[in-house]
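Here are my notes for your first look at this model. Keep the viewer open and check each point as you read.

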Amino acid sequence: MPITTTVITGATSGIGRETAMALARKDHALYLLVRDTERGEALKRDITSGTKNKNIYVVQCDLADLESVRNAAGILKRSLLSINILINNAGGIFAGREESKDGFEMTFAVNHLGHFLLVQCLLPLLEKGQARIINVSSEAHRMAKPNFNDLQWIKRPYSAWKAYGTAKLFNIYFTRSLAIKYGKKGINAFALHPGLVNTGFGTKLSGFSKLLMALARPFMISAENGAQTTIYLALATRIDAKSGKYFKSRQPADSSVAATNELGRDRLWDLSMELIEPFLN
Ligand SMILES: NC(=O)c1ccc[n+]([C@@H]2O[C@H](COP(=O)([O-])OP(=O)(O)OC[C@H]3O[C@@H](n4cnc5c(N)ncnc54)[C@H](OP(=O)(O)O)[C@@H]3O)[C@@H](O)[C@H]2O)c1
C-alpha cells in the first residue's frame with residue numbers, strides 16, 4: 001500500500017500533537033511544520049518512540065513570517081513528489097494587537113495568511129497527491145466582525161476575540177474557496193471546529209478573557225478528544241462530496257450565515273493573493 005504523506009502545522013502542542021500521534025500510528029509519513037525546531041525534534045522523538053514510525057520529518061516554518069513559509073514550502077517541494085493531506089492546524093489568539101514579521105496583524109497572519117501562502121506554494125504537490133486540505137477553524141467564527149477596509153485592526157480598537165473570530169471565519173471562507181477553485185483538480189477541503197479543548201490555546205490572554213478561560217478550563221475536553229474531528233477528516237473514506245463543508249463532532253454542521261457570504265469569501269481570496277504575491281516564487 002502506498003504511504004500517505006501528511007503535512008501538519010502546529011503539531012508541537014494541543015490538538016495538533018494528538019493529531020500527529022494518531023496519524024503516525026496509521027503509518028503516515030509526517031512532515032511537522034514547526035516554528036521552533038527544538039520543540040519539533042522533541043516531538044519527533046516522542047512520536048517515533050511512541051509509534052515506531054520512522055517517517056517523521058521536522059521542517060522549520062513560522063507562519064508569522066512569510067519568507068519562512070516560502071522556505072518551508074521549498075523544502076517540501078525538493079523532498080516530495082506529492083502531498084495527500086495538509087492540516088492547517090496552527091493558530092492562536094493574542095491579548096493585544098501584535099504584528100507579524102511582515103507587518104500584518106498577528107491573528108490574521110498566523111491563523112489565515114501564512115496558511116494561505118503555504119497552500120499556494122504547495123499547489124502542484126497537493127494536486128499530484130489529490131489532497132485533502134483540513135483547516136482547523138472554530139465556533140468563535142460566529143463572533144467575526146470582518147471589515148475589509150481595516151483587516152489589520154488599525155482604524156478600530158483591537159479586540160482579541162473579534163480578531164480571532166474573524167480569522168476563524170476566514171478559515172471557513174478559505175475552505176469553501178479551495179473546494180470551488182480546485183475541486184476539479186482533485187483537491188478537497190474541509191473546515192472544522194474541534195470543541196472547547198484544554199490546550200495551550202488562550203493561555204496568554206489577559207483580564208476578563210483570562211478569567212473566563214480559567215473558569216471554563218475544567219469543562220473543556222482533552223486534546224486527544226479535541227483532535228478527533230481532524231483525525232476523522234484525515235482518515236475517512238468517501239467524504240469528497242462534502243468538500244467545502246464545516247464539520248463539528250465528525251459531522252457536517254451549519255456555520256454562521258456570515259460564513260456563507262460569497263462576496264466576503266471572494267474578497268478575502270483576492271486580498272490574500274495580493275498580500276502574498278511578493279512571496280510567490
Ligand atoms: N483549544 C480550543 O478550545 C480550540 C477551539 C477551537 C479552535 N481551536 C483551534 O485549534 C488549533 C490548534 O490549537 P490548540 O488548541 O491545539 O492550541 P495550542 O496548544 O496553543 O497549539 C497551537 C499550535 O500552533 C503553533 N503556532 C502558533 N503560532 C505559530 C506560528 N507563528 N508559526 C507556526 N506555528 C505556530 C504552536 O506552536 P508552538 O508550540 O511553537 O507555540 C502550537 O503548536 C488552532 O487553530 C486553534 O485556533 C482551538
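1. Start with helix H5 (residues 160-182) and helix H9 (residues 262-276). This is a predicted model. In it, the two helices pack at about 85 degrees, and their axes are 9 Å apart. H5 is therefore roughly perpendicular to H9, since angles of 65 to 115 degrees count that way.

2. Now look at who touches whom. H5 brings Phe170, Tyr173, Phe174, Arg176, Ser177, Leu178, Ile180, Lys181 and Tyr182. H9 answers with Gly264, Arg265, Leu268 and Trp269. Sorted by class, this contact of H5 with H9 has eight nonpolar, two polar and three charged residues.

3. Turn to helix H1 (residues 14-25) and helix H2 (residues 37-51). Their packing angle is about 40 degrees, with the axes 10 Å apart. That angle makes H1 oblique to H2. The crossing of H1 past H2 is right-handed.

4. Which residues of H1 and H2 make the contact? On H1 they are Arg17, Ala20, Met21, Ala24 and Arg25. On H2 they are Leu43, Asp46, Ile47 and Thr51. By class, the contact of H1 with H2 has five nonpolar, one polar and three charged residues.

5. Next, the ligand. There are 29 residues around the ligand, and Thr12, Ser13, Arg39, Tyr164 and Thr199 come nearest.

6. The side chain of Asp62 has an N or O atom 2.9 Å from a nitrogen atom of the ligand. For Tyr164, a side-chain N or O atom is 2.5 Å from a ligand oxygen atom. Val197 uses its backbone: an N or O atom there lies 2.8 Å from an oxygen atom of the ligand.

Conventions: Residues are numbered from 1 along each chain as its sequence is written. This is a predicted model: local features need pLDDT of at least 70, side-chain atom pairs count only at pLDDT 80 or more; totals for chains, interfaces and linings use all residues. Side-chain values use heavy atoms; hydrogens and water are left out. Axes are lines fitted to C-alpha atoms, for helices over the stretch in contact, and angles run from 0 to 180 degrees between N-to-C directions. Helices (H or I, at least four residues) and strands (E, at least two) are DSSP runs, numbered from the N terminus. Angles under 35 degrees count as roughly parallel, over 145 as roughly antiparallel, 65 to 115 as roughly perpendicular and the rest as oblique. A crossing is left-handed if the near helix is turned anticlockwise from the far one by less than a right angle, and right-handed if clockwise. Contact means heavy atoms within 4.5 Å. Ala, Val, Leu, Ile, Met, Phe, Trp, Tyr, Cys and Pro count as nonpolar, Asp, Glu, Lys and Arg as charged, and the others, Gly among them, as polar. A residue is near a molecule or strand if one of its heavy atoms lies within 4 Å of it. A polar contact is a pair of N or O atoms within 3.5 Å; within protein, one must be able to donate a hydrogen and the other to accept it, and residues adjacent in sequence count only if both atoms are side-chain atoms.
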